[in-house]
Amino acid sequence: MSKKESGYIHGTHREEQERLAILNQLLNDRCLALIQLNGDEKVLDVGSGLGLFSRQIAAMVSQGSVVGIEKSPEQLSTALQWAENANESDLVDFREGSAYALPLRSDEVNTFDIAFVRFLLEHLDTPHRALLNIYHAVRPGGSVYLVDDDHENFRIAPYTPAFDALWGPYNEAYRIRGNDPYIGRNLVTLLHQAGFEDFQLDFIKFGSAASEPDFQHYANNLIGILEGARQDILKITQITPQQFDQYIEELNQWAKKPDAALWYAANFARGRKPSEQEDPG
């Protein structure tokens with residue numbers, strides 16, 4: 001391909017994997033609450049990452065099956081190790097592969113009842129292509145569930161200048177890498193273009209107030225993603241390394257305020273493949 005497949009801006013080192021694991025724990029139940037699983041579904045999880053969500057789905061579809069597909073060898077290795085540590089190695093069929101070339105057998109095409117795609121499309125330069133592949137993986141009448149970001153939904157209070165100083169450049173660095181920081185608002189359009197129909201949408205809360213027990217995880221996530229994009233931000237702004245450190249410290253101080261609040265909601269959309277299969281091209 002002449003274009004890069006992914007502009008993934010986050011790291012895969014141990015600290016980053018631990019941060020992502022906490023985010024999984026915060027989000028998984030909220031995602032699954034929007035879905036009615038019967039327990040016998042055949043499920044495809046594209047961009048399965050550390051595998052926590054895949055394994056939680058598998059526990060809910062004990063009469064079905066789950067295939068988890070992850071491009072990153074580092075993430076996949078950790079997913080396999082964590083599954084083994086939890087004595088759940090047999091719960092999910094984890095496979096290394098890309099959303100652009102799903103590693104499915106010919107007899108698996110058009111057979112999945114449900115496909116999940118969470119926080120992946122924003123990192124792809126041609127998300128439409130990925131959704132076409134997923135369309136062909138799902139059986140007629142099956143559903144795909146998308147969860148992704150619209151970074152304009154993100155707000156913190158009280159007003160903290162450091163957030164504005166870094167959040168705008170972070171989103172620009174995101175865009176320069178080929179990502180779409182606002183793709184969440186376009187999920188239904190992407191589903192429609194890929195041939196799905198019968199859309200439903202919702203929001204998944206991803207925020208907290210300082211008095212709530214999970215607040216520090218949300219604050220750490222915000223600060224962590226900005227620190228992870230440090231070099232990208234410094235490249236495209238006049239911010240000096242010293243100023244960057246000062247902004248991060250200002251955010252650390254914000255996180256200690258008794259009235260600190262972080263407001264965010266991830267975009268959730270469902271589409272159904274027509275019962276009479278059509279080829280969207």
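1. The protein carries 25 positive and 41 negative side chains, and the centres of these two sets are 3 Å apart. Lys and Arg are counted as positive, Asp and Glu as negative, while His and the chain ends are not counted. Each charge is placed at NZ of Lys, CZ of Arg, CG of Asp or CD of Glu.

2. The model is predicted: local features need pLDDT of at least 70, side-chain atom pairs count only at pLDDT 80 or more, and totals for chains, interfaces and linings use all residues. Residues are numbered from 1 along each chain as its sequence is written, and side-chain values use heavy atoms, with hydrogens and water left out.

3. Nine helices and ten strands make up the secondary structure of the protein (DSSP runs numbered from the N terminus: helices are H or I, at least four residues; strands are E, at least two). The C-alpha atoms fill a box of roughly 55 × 40 × 30 Å along the principal axes.

4. Of the 281 residues, 52% are buried, meaning under 20% relative accessible area with a 1.4 Å probe, protein chains only. Among contacts (heavy atoms within 4.5 Å) between residues at least 6 apart in sequence, 82% join residues at least 24 apart.

5. Serine 143 belongs to strand β5, residues 138–148. Is Serine 143 buried or exposed? Serine 143 is buried, its relative accessible area being 9%. Leaving aside residues up to four places away in sequence, Serine 143 touches Asp113, Ile114, Ala115, Val138, Arg270, Gly271 and Arg272.

Notes
Buried means under 20% relative accessible area, exposed over 50%, partly exposed in between (1.4 Å probe, protein chains only).
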